Amino acid sequence: MVVLTGPKGVGKSTLALYGIWELLRGGGYYGVVRLEEIIDDIAELAIENFLETYKRDFINSFGKLVLLYDPSPTTAYASPNVKIEVRNVENTVKQLMNVATL
């Protein structure tokens with residue numbers, strides 16, 4: 001797991017996307033699942049179920065998935081005036097670490 005932190009506009013998302021592109025280009029990885037804030041146990045369970053199903057039924061056919069958690073909405077990249085309210089990042093990263101061990 002890689003966690004990038006820093007102020008808005010320094011290139012965290014660009015660096016993450018470049019790293020993902022390299023993984024996909026190198027083979028063995030099928031695609032990217034973009035996750036937003038995991039707000040409750042139901043959302044976490046849905047992610048876990050999806051990953052378990054993928055691992056059981058599809059990983060041998062397609063390859064590994066990359067999980068991308070970016071708490072910024074996509075509108076944040078369209079305008080410098082968009083305010084980003086990032087909540088529960090620490091909790092979400094902990095949940096993702098648990099999910100990543102599946």
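In the predicted model, the side chains of Arg25 and Glu22 are joined by a salt bridge, with a nitrogen-to-oxygen distance of 3.1 Å. Both residues belong to helix α1, where Arg25 and Glu22 are three residues apart, or about one turn of the helix. The two partners fall into separate accessibility classes. Arg25 has a relative accessible area of 55% and is exposed, because the exposed class begins over 50%. Glu22, at 27%, is partly exposed, a class that lies between the 20% limit for buried residues and the 50% limit for exposed ones.

A search of the whole structure gives two salt bridges. Besides the pair in helix α1, Asp57 forms a salt bridge with Arg56, and the closest N and O atoms of this pair are 3.1 Å apart. Arg56 has a relative accessibility of 58% and therefore counts as exposed. Asp57 has a relative accessible area of 39%, so that Asp57 is partly exposed.

Helix α1 itself covers residues 12-26 and contains 15 residues. At 1.5 Å a residue, a helix of this length should span 21 Å. The expected span is taken as 1.5 Å times one less than the number of residues. Just after the helix comes Gly27, which takes a positive phi of about 90°.

The surface also carries a nonpolar patch of about 300 Å², made by Val2, Leu4 and Leu15. Of these residues, Leu4 is located in the segment before α1. Leu4 has a relative accessible area of 36% and is therefore partly exposed.

With a relative accessibility of 61%, Met1 counts as exposed. In sequence, Met1 and Leu67 are 66 residues apart. In space, the C-alpha atoms of Met1 and Leu67 are separated by 9.3 Å.

Technical notes: Residues numbered from 1 in each chain as written. Predicted model: local features only at pLDDT ≥ 70, side-chain atom pairs only at ≥ 80, totals over all residues. Heavy atoms only, no water. Helix = DSSP H or I, 4+ residues; strand = E, 2+ residues; numbered from the N terminus. Salt bridge = Lys/Arg side-chain N within 4 Å of Asp/Glu carboxyl O. Buried < 20%, exposed > 50% of the residue type's maximum accessible area, 1.4 Å probe, protein only. Patch = residues over 30% accessible without salt bridge, like charges linked within 9 Å, V, L, I, M, F, W, Y side chains within 5 Å. Areas by Shrake-Rupley, 256 points an atom, 1.4 Å probe, with all protein chains shown as cover.
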